[in-house]
Amino acid sequence: MWYNNILETIGNTPLVKLNTITKNVPGTILAKIETTNPGNSIKDRMAVKMIEDAEKSGKLKPGGTIIEGTSGNTGMGLAMAAIIKGYKCIFTTTDKQSKEKVDALRAFGAEVIVCPTNVEPEDPRSYYSVSSRLEREVPNSWKPNQYDNLANTAAHYEQTGPEIWEQTEGKITHLVVGVGTGGTISGTGKYLKEKNPNIQVWGIDTYGSVFKKYKETGIFDKDEIYPYITEGIGEDFLPANVNFDVIDLFEKVTDKDAALMTRDIARKEGIFVGNSAGAAIGGLIQLKDKLKPEDVVVVIFHDHGSRYMGKMYNEDWLRERGFLQDEKLTAKSILAKKEATEIVTLDATKTVLEAINTIKSMNISQIPVTQQGMIVGKIAESDILSALLENPGLKSAPISEIMTATFPFVDLNTSIDKISSLINKENSAVLVEDESGKIEIITQYDIINAISG
């Protein structure tokens with residue numbers, strides 16, 4: 001048996017029992033692995049449904065252009081369907097999204113416009129506003145508007161809900177879903193509650209989003225809104241697809257907990273998933289006291305880890321945000337193990353001959369070059385040798401004429417892995433500013449010394 005095109009492979013994703021990461025949570029915890037969809041996310045389902053509904057209603061005409069504000073996953077589903085069905089795509093996204101997501105959309109031939117994150121939705125620069133403007137300006141175009149297009153919810157009512165009901169043989173007691181546009185939780189939850197009204201539907205939210213407070217108080221509180229890192233869940237407005245009647249409660253999860261839990265799912269369950277899965281499991285663990293041993297919980301794992309390589313799966317990114325406090329050596333711990341030495345520098349006006357004498361007398365092979373106290377470059381034995389071989393008369397020239405780019409700067413939290421990768425043929429060392437503001441140098445010898453010390 002074969003499929004006629006890639007879109008026919010969407011859906012029927014596996015349900016997999018979690019064994020380690022949720023070992024302290026009562027009940028049977030099952031993950032719906034939506035990464036097996038061809039676009040590696042659950043959004044493939046609703047992308048095709050939105051397009052098919054628009055074709056039926058005449059909103060999307062042959063040869064048309066699909067314009068959408070998307071963080072990547074919906075764009076991927078739309079771009080894939082557009083290729084099969086013969087449409088063009090223009091997507092707007094925010095500068096918060098990972099580079100991998102933008103690159104993936106471009107790989108499918110879509111045009112991607114990156115807009116600022118920290119502006120109001122009504123701001124003309126926001127990715128919502130830019131996509132709306134393009135829809136007005138581009139002839140024969142259609143904007144799916146995944147937030148308010150109820151085909152989003154319908155896709156999950158028709159597909160995701162029935163799949164889960166069948167896969168659990170009707171035993172599901174709880175559905176746990178990260179909420180962004182709201183289509184997944186509302187459509188899946190509505191179907192399941194129609195089958196069994198006692199099923200609990202839990203929405204996972206993030207700090208900086210309005211959902212939880214709105215559900216609990218009916219108040220849309222602008223003071224709840226502030227920038228956050230977690231991708232794919234939470235909003236600063238109320239999408240039409242969020243059906244608050246279907247959702248029994250919301251639980252907020254911090255950026256840090258969501259990021260670290262995302263990594264833990266890969267490390268403890270061998271399932272490579274995105275940021276919203278980490279948030280969902282984090283929320284489930286926070287709510288564990290509400291569960292009983294006989295409960296059957298289904299958690300949606302929305303998308304694939306490959307879209308987060310530069311973020312949740314990058315230790316330096318985690319360290320920079322203070323999310324990772326591990327035992328790995330950092331610039332700070334390398335400096336602590338290093339003997340205190342005064343860094344030797346040369347002013348850019350010094351001559352090449354003076355540089356040769358300094359290198360000889362100090363028994364060092366490279367020296368940072370300064371200008372008005374600021375490090376502006378470096379000079380190495382090899383630079384001097386190749387310059388003098390070419391032009392022996394350069395001995396009396398200022399070193400600024402033959403210096404090369406300065407050593408890379410790192411901060412005190414930079415990991416030993418990152419520092420090692422920066423030290424190469426061009427750079428035999430890195431520079432770091434210590435806590436007192438003094439510039440220090442770290443060489444390969446210092447790294448070896450720190451590891452063995």
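Modeller: A search of the whole structure finds 26 salt bridges, a term that stands for a side-chain nitrogen of Lys or Arg within 4 Å of a carboxyl oxygen of Asp or Glu. Please keep in mind that this is a predicted model, in which local features need pLDDT of at least 70 and side-chain atom pairs count only at pLDDT 80 or more, whereas totals for chains, interfaces and linings use all residues. Residues are numbered from 1 along each chain as its sequence is written, and side-chain values use heavy atoms, with hydrogens and water left out.

Colleague: What makes the contact of arginine 45 with glutamate 34 a salt bridge?

Modeller: The closest N and O atoms of arginine 45 and glutamate 34 are 2.9 Å apart, and the pair is called a salt bridge because the limit is 4 Å. Arginine 45 lies in helix H1 (residues 43-57) and glutamate 34 in the loop between strand S2 (28-33) and H1, so the pair ties together parts that are eleven residues apart in sequence; helices (H or I, at least four residues) and strands (E, at least two) are DSSP runs, numbered from the N terminus. Both arginine 45 and glutamate 34 are buried, and Lys32, Glu34, Arg45 and Glu163 are linked in a network of salt bridges.

Colleague: Why is aspartate 221 called buried, and what does lysine 213 count as?

Modeller: Buried means under 20% relative accessible area, exposed over 50%, and partly exposed in between (1.4 Å probe, protein chains only). Aspartate 221 has 16% and is therefore buried, while lysine 213, at 26%, counts as partly exposed. Their side chains meet in a salt bridge, with 2.7 Å from N to O.

Colleague: How do you know where arginine 133 and glutamate 137 lie relative to each other?

Modeller: Both lie in helix H4 (residues 127-137), four residues apart, about one turn of the helix, and their side chains form a salt bridge at 3.2 Å, N to O. Arginine 133 has a relative accessible area of 35% and is partly exposed, whereas glutamate 137, with 51%, is exposed.

Colleague: Why do S14 and S16 stand at the edges of their sheet?

Modeller: The open sheet of three strands has the order S14-S15-S16, with mixed pairing, where two strands pair if DSSP finds at least two bridges between them. Strand S14 (409-410) and strand S16 (439-443) each have a single partner strand, so one side of each is left without a neighbour in the sheet. Strand S15 (residues 429-433) and S16 are antiparallel and pair over five bridges, with glutamate 433 opposite isoleucine 439 in S16.

Colleague: How do you know that cysteine 89 is too far from cysteine 115 for a bond?

Modeller: A disulfide is a pair of cysteine sulfur atoms within 2.5 Å, and the sulfur of cysteine 89 is 16 Å from the closest cysteine sulfur, in cysteine 115, which is too far for a bond. The structure holds zero disulfides. Cysteine 89 is buried, with a relative accessible area of 8%, and cysteine 115 is buried as well, at 4%.

Colleague: What makes isoleucine 83 count as exposed?

Modeller: Its relative accessibility is 51%, and exposed means over 50%, so isoleucine 83 qualifies. Isoleucine 83 is found in helix H2 (residues 73-85).
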